[in-house]
Amino acid sequence: MLRLPELEVIIATSLTEALTRLAAGPAARPILGGTDLVANLKTGHTKAQTLVAIGQLPELQGVDASGDVVRIGAAVHQAELARDPDILELFPALAYAVGRIASPQIRNAGTLGGNLCLDTRCRFINQSDLWREALGGCLKSHGKECHVIPGGGGCVAALSADSVPILMVLGAEAEIARVQDGALVTRRTPIADLYDSDGRRHVRIADGELLVAVHVPKLPHGARAVYRKWAVRQSIDFPLVSVAVRLDLDDAGKLKQGKVAIGVLGPRPRLLALDRWAGRTLDEDLAKQVAQYVFDRSHPLPNVLYDHEYRRERLRVEVLRALRTWYAPAAVGGAGR
Amino acid sequence: MTRPLSDNPTARDLHRITVDHSPVDETPVVGSRHGRVDALDLLTGVGKYADDLVLPRMLHCKILRSPHAHARILHIDTSAAESMQGVHAVITGADLPVRYGVIPWTQDEYPLALDKVRYVGDAVAAVAASSEDVARAALARIAVNYEVLPALADPREALARSDVKIHEDNKHGNISKQVTLAFGDVDAALAQAELVIEGDYLFHGSTHGAIEPHCAIGHVDGHGLLTVWSATQVPHYLHRELGRVLDRPSHSIRVIQPPVGGAFGGKSEPFDLEFCVAKLAELTGRPVKCLYTREEVFLAHRGRHPFQMHYKTGFDRDGHILAVDGKSLLDGGAYSSFGLVTTYYSGQLLGSPYTFPAFRFDSTRVYTNKPCCGPKRGHGSVQPRFAIEVQLDKAAVALGLDPIELRRRNFIGENTQTIGGFHVGSSGFLQCLDEVERASGWRQRRGKLPKGRGLGIAGSTYISGTNYCIYPTELPQSAVQICLDRSGRVRVFVGTSEIGQGSNTVVATLAADELGVELEDMRVLAADSDLTPVDLGAYSSRGTLMAGNACLAATRELAAKLREVIASTWDCPAGDVGLAHRKAYRLSDPSVWMPIQEAFILAESKLGTLGAVGSYKTPTANVHGDYRGGTIGASPAYSFTAHVAEVEVDEETGDVTVLQIWCAHDCGLALSPTLVEGQIEGSTYMGAAEALMEHHRVLPSGLRTDGQKRDTGPGVEGLLAASSLLDYRMPTSMDVPELTALIVERPDPRGPRGAKEAGEGPLHSSIPAIANAVYDAVGVRIDDLPIAPEKILAALKRKASPSGEVR
Ligand code: SF4
C-alpha cells in the first residue's frame, strides 16, 4: 500500500490563521477534499511538511445567487454544486462540468476550489517513485529534461480541471485572500488569467494567498455556454479533451460574440474569441469553420496518456458538437458522452 | 413417523433444525437459485483476506525493485539499511539462490535477482522492519551498483538480436519456447481451397486487475513449522516451491490460502513476496507480512501475452474449412511463467468447435525486458480465437453466407476427436448458436439496423481443467474428506482455492444433494495444507470438474453408509432410502421418514464417527493425441460458447459503444446457475474491456515521444505506460453494455453430474464478436486490438479514399 509521509496537519479556525500558516512557503499546503493532493503526496512527487485544513472556514462556504454575480465558496463540494438548484438554473453547463469530475465518491469529497487548483498532470510525473527514478526524473521532479518536449525549456504538463474551461467562458473571477500588514485583503482575478504556462507552478496564487471563492456573473439574455469532455471512460477519468463554448446571440439569432476555452493542452488553458464571426448566423457550415479555427490553434501534447493527434482531431469534433447544440440539438451526436 | 431424538444434541443445534412436515421436497439443491455459501462472511467483513490478518510481533516487508530493464548487478550494499533502527533483516539474491518457476522444466526466476535484473521492477532485495514506513525508508538506503545492459522491449528485436541475451544460459537466443505442429497436408488443402482468407492479427497485452493486491505472511513457530498465508490461487504449487527454494521438507511447511479478492490467473504461481516473507520469518523469528502496492501488481503481471499472428484459412465454396495455418509470435516478457503451456495452447486449443481437416501452427515465445506474461482467464487461446473468428467472419462475407450458418456447417460434433487428437465429449455449441441467434433477434434485425449499428457473432471452446498435472505424477488431481456428525451438519475438507469463483459453493451444492441436507448445513474448509487434502489449485477452469468429482466420490460413499443404517432400521432395501432437504425417507412410501439429523445420529451410534474420502484422477484413455505435446490442451471435458454483440460506431469520433451482448455458454450442467451467470457476465465484460480499452502497454525503446531513441544511455525502455487503476483503463459500471447470460446444458459424462467449466470459456468469443459487429456496423476491420477510436477513424478514412482497400 502507498503510504502518506509524516505530516503536520493544522485545522485552521480562521482565514487569518490559515493565511499566516500558508505564508511559510511551499512546505505548507492548503487542503480541502485532498482528492488530488493526497494521491500526489503518496506517490511522492508533491512534497509538503504541513497541511492546513481550510474546509471549515466560513468564507469558503456556500452558493450565493442573490446578486448579479453568483458567489461560490471554494470549499463547496463538487457533488453539491452539480445539484445546486441555482447553478442548475443559471449555469447548467457548469453543473454538468463539475458533475463529470472523476467519480461520485470523489465529487463528494472534492471541492470547486480544489479542482481549480488541481495540479497539472503528465504521464511522466503522475507515477511512482520507482517509475520516476527509472526515467531519471524530469523538470517537474528531480530531472533535467522534459520528456514531452525534449530539449524544451519548461514543463508543459496538462491542466486537467473540468471546471476551468467553463468558468473561463462564463467570465468568472477568483477571489483570493491574503494578510497584508496584519489586515485581511482580497483581490479578484479573472479565471482566464489565473494560470501560467509553467507546469511546475501553474496557478498564480502566491505563498500566503488562498483561493476563497469564485464569482460568476449571471449570463445576459441570449447567452449560453456548453461544456464537452472526452475521456475513455464515462467515470473516474480526467478529461483527455476538454472544451467549453459560449455564444451570445442577438434576438435575431445572430452571433454577437463567442468564446471557446480549451483545457488539457499545456498548463494554461487556451481562450479563443469568435468575434470575427459576429453578425453571422450559426449553421453547420459556420460551425465547421469555427471547429477548424480551434483545431488550427490547439496543439494537444503527448503529456497525458492518449494519442495526441487523435485528441486534436477529437477536439474539432467536440467543438462542432458543442455548436450543434444551438442549431441542431437533436443531431449533436454522442450526446451524454 | 418422527420420533424423539435418541441422543439429544445441544438445544442450539436443535433450534437450527427446522422439522418440515410438508411432503418431501425432491427439488435438488444442484441447479437451484442460491448464492455463495461464503458470501455473507465476506460481505460483513467476518471473512479475513490475507492483509486483514495481523499476527503478534509482526514485521513488515518491502521489496527493492530494479529501475533498469536489463542490468547486471555488480554489488549490493545493505549495511546502511541494516543499521537503521527498526530494521530486523535485509536479504538479497544470495540468501535465496535457488531458481523457481511454476513449470518444472522452465525454472528461470530467483526470488531476488542473483546476478541480473531483467525488467523494471525485478526484485533485488527485501527488508523486514517494524513498520511499512521504516521498511520503505530502509529500501532507499540499499545501494546497488548496476552495469546497465541494452534492453529489448520489442519481440521482433529480441528474436533478431544475438548480441543481447536476456537469459545467458538459454539454448536458443531469446526464444523461450518454440512449437510447430502439423496435422494433415495443410499446403495441399490451401492450394485447393476455393477461398483463402489471410491476414495479420495483433492481440495486445492486458492484465488481470484483481482488486486484492498480492499479499503474504510468513511465520515460523517454535517447532520449526513454517506457515505461509498467501493470496494465491495455487497453494499446492506454492507449497512445493517453498520447499525447494528454502530447502525444507514438505511436512515443515503449511500453506494457508485465505479468501482471495480476485485472481483471474494473476496469482497462479509463486511470487517473490512469498519467498521473501518466508525467509525473513526464518531469519527474524517473527511473523513477516508483505503487501504489494498496485504498481507492484502491474509489475508482477503474468497477464495476457501480446500475440503477433499471421493466419491463413482455406474454405470450400460452401464455407467448409479445409485448412488452417497459423503463425504466432508471443511476447513473453522477462521470464517463463506458464509460457511453455501458453505456446502450446496457442494452437492446441483451436481444434474445436470447428472441424479442421488440416491444421498447422507455428508459435514462438520470446523473452523481452518487460514484466512477465502468463495466464489470464482464457489462457493461451483468447488471442488465436480472435484471429480465427474474424477469419470466419471474413469468409462468410466473401462467400455471401450468414456467419452463424457458416459456423454451424463447420461444427465438429460430439463424442469425437479434434485433429490434434483431443476427445470432445458433450458439446452444446449448436444450441449456443441457436440461443444467441434467437435472443439477439439476429434473423429479423441483422442488415436492417440503422446506420452505424451492427451485429457480430463468434464462437469458442475451453477446457474443464488440464488433464495432466504441471509436474509428472500419478497422484490424484483433487481430493476431498467429508464427515458428518450428530449436529446434522456436514463438513467438507477440500484443497480447492476459492478465489471468488464459487468453488466452495460448488462442492457444497453437490454434497448437500447426496447427503440430504441444505446448503446452510454445509461447512466447507478449503486450501489449508495442514487440514485439507491436496488439490492442484484454481487454474485452467478445473475446480468444478475435478473437485466436484472428488466430492461426489466421497459423499456417495458416505451416503451409502447412511442409507444402509437407515434401511436396516426400516427393514427395507438400502436402495429404497432417499435423502433430501433434511429428511431421510422411503422412496416407495415418502410418508415414512425421519429428520436427517436423526439419521446421522443413528448412523453415528451404529458405525462410530462418520467420514469418507474421495479423490479424482483424470481419465487416461481416449483423451489426447499420441505425439510430443499431444497432452497439452487435453481436458476431460470441454465447454462451448457463442456471443452476439451489438455495437454502435460513431463515424465522426470513432467511438465504439457496445450496446448489448448475448452470451450462451454450455457448462454441462449449471450446479449453481447464479454463479454460472456471474461467470458468463464477468468473462464477457473482461473480454469486452480487452476488445475496447484495456492495454498493459510497456513503453518501447526510448521514451521520447518524438520517436527518437534516447541518447542518455540504454536501460530505460520497459517502463509501464499505465501502472495504476487510473491509467490502466478498466471499464466502470458506466462503461459496460447490457448483457444477457444464457445457460446451455449439455451434460458430459466426465463431469460431476455432467458439469463442465464456466469461468473462462465465456471470455473468448466476446472479443471477436465485437470486432465482427464493428465490421457489420461500418464496414471496416480492426484486426489489431484494442479497437480504439483513432483506429476506426483511420480505417474509415482508408475506406473512403479511392485507393483505399478494405480487408
Ligand atoms: S511536461 Fe515535461 S517536465 Fe512536465 S511533468 Fe511532463 S515530462 Fe515532466
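Biologist: How many aromatic pairs are there over all chains?

Modeller: In this predicted model, the count comes to 20 aromatic pairs over all chains.

Biologist: Why is the pair of B:F298 and B:Y728 called edge-to-face?

Modeller: The ring centres of B:F298 and B:Y728 are 5.3 Å apart, and a pair requires centres within 6.5 Å. Their planes stand at 65°; an angle over 60 degrees counts as edge-to-face, so the pair receives that name.

Biologist: What makes this pair a tie between parts of chain B?

Modeller: B:F298 belongs to helix α9 (residues 294-300), while B:Y728 lies in the loop between α18 (673-692) and β28 (738-744), so the pair ties together parts 430 residues apart in sequence. Both B:F298 and B:Y728 are buried.

Biologist: Why is the pair of B:F429 and B:F640 called tilted?

Modeller: The planes of B:F429 and B:F640 make an angle of 55°. Stacked planes are under 30 degrees apart and edge-to-face planes over 60, so the rest count as tilted. The distance for B:F429 and B:F640 is 6.4 Å centre to centre, and the cut-off is 6.5 Å.

Biologist: Where in chain B do B:F429 and B:F640 lie?

Modeller: B:F429 is in helix α13 (residues 429-439) and B:F640 in strand β26 (residues 638-649), so parts 211 residues apart in sequence are tied together. Both B:F429 and B:F640 are buried.

Biologist: Which residues do ring pairs link into a cluster?

Modeller: The cluster consists of B:F183, B:F356, B:F359, B:F361 and B:Y627.

How values were computed: Residues numbered from 1 in each chain as written. Chains lettered and ligands numbered in written order. Predicted model: local features only at pLDDT ≥ 70, side-chain atom pairs only at ≥ 80, totals over all residues. Heavy atoms only, no water. Phe/Tyr/Trp six-rings, centres within 6.5 Å; stacked < 30°, edge-to-face > 60°. Helix = DSSP H or I, 4+ residues; strand = E, 2+ residues; numbered from the N terminus. Buried < 20%, exposed > 50% of the residue type's maximum accessible area, 1.4 Å probe, protein only.
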